[in-house]
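Visitor: I'm new to this one. Could you walk me through how to read it?

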Amino acid sequence: MKFAFISVFILGLFSCTEKKGEEIPTAFREVYSYQLNLDRFTSPVEDYYQYVKNWKGQEAYAFHVMGKEEIKLYSLENGALIETVSYGDNQPNLQSGIHDFYILNEDSIFLSRRRAYKVYLINQEFDIVKTMDFMGGNDEIDPNTGWPKSMDTFMPVWSRNRCFRKIGDQVFIAGAANFDSRFPDGTYTKTMLNSYSLSTDEISNLLGYPEKMQGKAWGGFDMVFSDYNPEEDFFVHSYAADERVYITDKAMNVIRDFKAFPKGYKNVPPLTVKEVENNDAYRSHWQGYQIFGSIHWDPYRKLIYRIMEEPNVNYNKDMLLDPLERARNMVVMAFDAKQDYRKVAEMRLKKSEKGVYLDRCFVNEKGFNITYMDLENEDKLYFKTFLVE
Amino acid sequence: MKKIVFLLILQGFLALSCSERSSGDDITLVYLESILKKPPLISQRYIIVSDYSCLPCREDIYQKIEDKSSEDVYIILALRNKAVLEDQFHDTILEKRLYLDSLEINKKMVFFVSQAIRVYHDGDGWVNEQIE
């Protein structure tokens with residue numbers, strides 16, 4: 001009797017799983033691989049990088065080599081170094097402190113001096129043609145916190161796949177809030193994505209946390225990743241601890257949102273008191289849960305790609321700024337705009353002793369390209385190209 | 001008999017206090033010795049910093065290395081970009097005031113620092129101090 005009951009129970013469980021199981025109609029297929037031949041000064045894991053669709057007629061990938069104050073551009077076609085933009089040697093006011101960069105074109109490069117709350121626009125003669133000041137005339141640094149006093153002020157940061165776009169005379173720029181992410185204060189601000197008018201210098205805070213995430217502390221999950229679709233004029237956003245993807249207009253009004261998580265995803269809880277108070281527990285919260293990463297609009301195939309990284313179980317707590325130490329197994333998902341954003345493909349990319357995939361991706365005509373680093377050869381960097389078929 | 005016991009206790013105490021000061025028992029000193037290829041000098045201060053510590057944490061230290069104003073000996077471990085550091089601190093490396101752990105000895109010894117540390121001998125023993 002007992003056996004029959006258990007059997008029925010187990011059968012019931014299986015049938016439930018079957019009903020909930022999602023059907024994914026297509027799959028990712030690797031179709032191509034790019035290889036960059038890095039010079040001795042370019043690390044394959046530079047913190048600042050960018051896909052550049054057209055640099056003097058060539059499709060390129062750029063790295064900011066900090067310490068050298070140079071941006072190096074490599075050809076995606078043949079992997080060779082195309083050009084070194086030595087802004088530090090050529091512009092006396094930019095010899096140190098530059099972090100993020102964004103290449104709009106050969107004559108317009110944006111450089112962020114984060115800790116000065118400034119972004120500079122330089123031309124190809126290395127003249128500073130515009131200084132964007134994000135500190136604001138009325139604000140000042142609070143000596144107790146080291147951060148600006150105003151809740152509206154933010155540090156201009158767009159590394160790690162955060163957003164920088166120039167649309168018309170406006171720059172849309174990601175920001176880091178002036179708050180410790182151990183506490184919920186930052187979740188009430190709208191400084192995750194901001195606009196800056198190049199004609200009037202007006203700054204607007206546009207994007208905050210979804211209501212359900214406000215008032216809680218998210219620790220290492222305090223990020224949003226965004227991309228922009230210029231043809232249909234909308235943004236897509238992926239919060240690190242939110243299963244949903246949001247589509248918004250330029251004012252960040254939500255037009256549409258949909259569930260976008262892989263099989264087996266479990267919601268990330270906010271920080272507990274112990275995780276707030278204890279450094280090791282805090283890091284363990286960040287590394288111990290699945291975390292959503294970058295999001296990409298594919299204009300060629302009308303798809304949205306979203307990355308999710310699996311928990312990182314073996315990490316060195318003193319080395320978490322190292323991208324290789326942070327690298328996790330990755331799940332890549334594709335959602336089809338033509339099918340009401342239905343998930344149409346999902347794949348898992350595992351790291352191994354030979355190499356790791358990194359959440360440093362771009363879309364081009366060939367497909368969705370994901371960075372792959374060969375751990376046995378640091379002079380090369382690869383991009384594996386995937387298509388949904 | 002009492003004398004022997006006293007001498008034994010004294011010997012034990014001395015052995016213990018010696019071991020606190022000896023490079024053989026402190027992973028930091030063992031690490032320093034592996035990098036310097038000789039025991040650390042009592043008259044010298046050493047600064048150990050990770051290239052993966054936060055930027056403000058390492059910025060001041062790198063500035064001091066670059067200025068050549070400091071008489072400390074520096075060790076940078078967990079290198080982000082060995083070539084850039086070699087280029088930036090070429091002279092200081094030649095002067096043996098800076099050592100780059102390009103062989104990742106720290107990893108083999110499971111020795112990591114997230115915040116820079118200052119290592120020096122205060123007359124009684126070796127001291128490890130976190131640099132704020």
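Visitor: Where in chain A does pLDDT stay under 50?

Guide: pLDDT is the predictor's confidence in each residue, from 0 to 100. In chain A, pLDDT stays under 50 over residues 7-20. For that stretch the model has 0 contacts beyond four places in sequence, a contact being two residues whose C-beta atoms, placed from the backbone, lie within 7 Å. Chain A as a whole averages a pLDDT of 92, and 95% of its residues score at least 70.

Guide: A note on conventions: this is a predicted model, where local features need pLDDT of at least 70, side-chain atom pairs count only at pLDDT 80 or more, and totals for chains, interfaces and linings use all residues. Residues are numbered from 1 along each chain as its sequence is written, while chains are lettered from A and ligands numbered from 1 in the order in which they are written.

Visitor: How do I read a sheet, and what is the strand order in the open sheet of 4 strands in chain A?

Guide: Strands of a sheet pair through backbone hydrogen bonds, either parallel or antiparallel. Strands here are DSSP runs of E, at least two residues, and helices are runs of H or I, at least four, numbered from the N terminus; two strands pair if DSSP finds at least two bridges between them. In chain A the order is β1-β25-β24-β23, with antiparallel pairing. β1 (28-37) and β23 (355-364) of chain A are the edge strands, each pairing on one side only.

Visitor: How many bridges join β1(A) and β25(A)?

Guide: The antiparallel pairing of β1(A) with β25 (residues 380-388) of chain A runs over 9 bridges. Within β25(A), Thr385(A) stands opposite Tyr32(A).

Visitor: Is Ser197(A) exposed, partly exposed or buried?

Guide: Count the other C-beta atoms, placed from the backbone, within 10 Å of a residue's own: 20 or more is buried, 12 or fewer exposed, in between partly exposed. Ser197(A) is partly exposed because it has 14 such neighbours. This residue lies in strand β13 (residues 193-197) of chain A. Beyond its neighbours within four places in sequence, Ser197(A) is in contact with Asp169(A), Gln170(A) and Glu202(A).

Visitor: And chain B: how many helices and strands does it have?

Guide: Chain B has 6 helices and 5 strands, in the pattern α-α-β-α-β-α-α-β-α-β-β along the sequence. Of its 132 residues, 25% are buried.

Visitor: How many residues of each chain are in contact across the two chains?

Guide: 11 residues of chain A are in contact with 12 residues of chain B.
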